[in-house]
Protein chains: 2
Amino acid sequence: MRILLADDHPVVRAGLSALLAAQPGFTVAGEAADGDQAVRQAAWLEPDLVLMDLQMGEGIDGLEATRRINALPTPPAVVILTTYDSDADILRAQDAGARGYLLKETPPQELFHALREVAAGTNTLSPRLLRRPALLSQREIEILELLAAGRSNRELARAMFISEATVKTHLAHIYDKLGVDSRIAAVRTAVDRRLIRL
Amino acid sequence: MRILLADDHPVVRAGLSALLAAQPGFTVAGEAADGDQAVRQAAWLEPDLVLMDLQMGEGIDGLEATRRINALPTPPAVVILTTYDSDADILRAQDAGARGYLLKETPPQELFHALREVAAGTNTLSPRLLRRPALLSQREIEILELLAAGRSNRELARAMFISEATVKTHLAHIYDKLGVDSRIAAVRTAVDRRLIRL
DNA sequence: CGACTGATCAGCCAAAAGGATGACCCACTC
DNA sequence: GAGTGGGTCATCCTTTTGGCTGATCAGTCG
């Protein structure tokens with residue numbers, strides 16, 4: 001299986017490269033240090049699979065790169081491999097057409113296994129991520145993300161085209177579910193519990 | 001130079017291991033996947049230098065591990081190698097006795113150079129980190145960290161043994177310096193500008 | 001010494017946020 | 001077809017927060 005690595009950290013690329021090279025059946029077809037490179041190399045090298053980081057310094061991020069790769073004529077499978085896991089990220093990754101979402105903390109053997117699964121046509125998620133019931137609704141997560149950006153209730157209302165009263169209702173529900181009583185504690189808890197990412 | 005790697009991500013350990021092994025003058029003496037292992041291996045292997053991640057899943061973190069390693073009879077130099085950089089982290093790392101603070105995004109050549117510097121007795125910081133003037137006072141950073149934990153002004157006052165009026169004054173100064181006008185925007189901006197970390 | 005910064009505190013007022021309650025609509029399920 | 005959950009909105013009231021002004025005190029630095 002020919003794999004393209006896309007990660008802005010040289011250390012991570014070297015690590016994946018070394019681990020994959022030592023594994024029968026895997027070949028590293030190329031490495032990309034940012035999103036644009038990833039798209040270009042995916043088009044040029046036509047790998048079977050792209051291992052994609054979400055956060056990559058400058059330029060387009062892994063999510064946008066995934067979207068563009070999936071718009072190629074015969075797109076390779078894209079598997080997200082990232083340090084962070086938040087519900088919001090995972091949902092967006094699926095929307096962008098990612099075929100898997102793995103964490104960098106994944107033991108190498110599990111990682112290889114997951115890649116083979118994806119190559120065989122299955123979608124895959126880090127086991128830890130599967131055991132996570134949706135705590136908040138989609139709308140509530142939207143609220144939280146704007147909240148985390150530092151917006152006031154009035155700004156939230158305008159941004160979401162709803163009344164301030166509704167914003168407050170959503171907030172009350174969020175506080176209730178998270179067991180907090182202020183917007184700042186809600187953001188903190190949501191980040192800790194991987195519901196959103198800053 | 002015999003180096004001990006301490007990082008909970010197998011991928012990162014493999015990457016550093018591969019990069020260092022290919023570099024003349026560097027030997028990987030061992031690998032640790034958490035803080036406790038790091039301390040034990042530092043004592044047992046007596047490396048010349050420890051490359052230490054700050055965030056390591058379970059158990060003691062890199063900071064505490066650094067402290068304990070420095071308490072050993074003939075402690076090796078400890079260099080922090082982490083993804084995150086916040087003023088608060090850097091200050092604490094120095095207090096814990098770290099001899100350097102590097103970011104994982106550092107290009108390998110720079111990394112090797114920095115390690116040689118440290119081995120030669122110099123302390124080192126990622127160049128990006130040196131160009132950062134102290135924006136907030138120590139006290140203000142304390143406030144921000146409690147703020148980020150979701151505390152109210154009253155709680156802040158109690159926790160810091162000062163009056164609520166003083167908390168408000170500090171907050172006003174912080175808002176002023178960060179160019180924001182609410183606690184939540186202050187936390188967000190502080191995180192973005194690496195003054196604190198969540 | 002005087003100027004400056006950082007930390008401390010106070011009082012006043014306006015704006016924002018939070019708590020409680022009730023209500024309506026829609027989609028889905030049992 | 002009654003119940004459930006999500007989304008929407010409103011009112012009333014309390015607490016919290018933020019803006020403003022002004023003040024004292026301890027260091028530090030020319």
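Let me start with DNA strand D, which in this predicted model is surrounded by 21 residues, the closest being Ser137(A), Arg139(A), Ile162(A), Ser152(B) and Asn153(B); a residue is near a strand here if its C-beta atom, placed from the backbone, lies within 6 Å of it. As to the ground rules, local features need pLDDT of at least 70 and side-chain atom pairs count only at pLDDT 80 or more, while totals for chains, interfaces and linings use all residues. Residues are numbered from 1 along each chain as its sequence is written, and chains are lettered from A and ligands numbered from 1 in the order in which they are written.

The helices are DSSP runs of H or I with at least four residues, numbered from the N terminus. It is α9(B) that gives the most to this surface, with five residues, and by class the surface near DNA strand D has five nonpolar, ten polar and six charged residues. For these classes, Ala, Val, Leu, Ile, Met, Phe, Trp, Tyr, Cys and Pro count as nonpolar, Asp, Glu, Lys and Arg as charged, and the others, Gly among them, as polar.

Turning to DNA strand C, there are 22 residues around it, and Ser152(A), Asp181(A), Ser137(B), Arg139(B) and Ile162(B) come nearest. Here α8 and α9 of chain A, together with α7 and α9 of chain B, each supply at least two residues; α9(A) gives the most, with five, and the residues divide into five nonpolar, eleven polar and six charged.

How do α8(B) and α9(B) sit relative to each other? Their axes, which are lines fitted to C-alpha atoms over the stretch in contact, with angles running from 0 to 180 degrees between N-to-C directions, come within 8 Å and cross at roughly 105°. The two helices are therefore roughly perpendicular, a label that covers 65 to 115 degrees. In this contact, Asn153(B), Arg154(B), Leu156(B) and Ala157(B) of α8(B) meet Glu164(B), Val167(B) and Lys168(B) of α9(B), where two residues are in contact if their C-beta atoms, placed from the backbone, lie within 7 Å.

Now to the chains themselves. Chain A is divided into domain 1 (2–131) and domain 2 (138–192), with bounds from an automatic or database domain assignment, and the C-alpha centres of these domains lie 32 Å apart.

The contact between chains A and B takes 29 residues from each of them. On the side of chain A that touches chain B, the largest share, eight residues, comes from α1(A), and that side divides into 18 nonpolar, six polar and five charged residues.

Finally, chain A can be laid on chain B with an RMSD of 0.2 Å by a turn of 180° and a shift of 0.2 Å along the axis, the superposition being by least squares on the C-alpha atoms of residues with pLDDT of at least 70 in both. The two copies are thus related as by a two-fold rotation axis, and of the residues of chain A it is Gly15(A) whose C-alpha comes closest to that axis, at 1.6 Å.

Technical notes
Angles under 35 degrees count as roughly parallel, over 145 as roughly antiparallel, 65 to 115 as roughly perpendicular and the rest as oblique.
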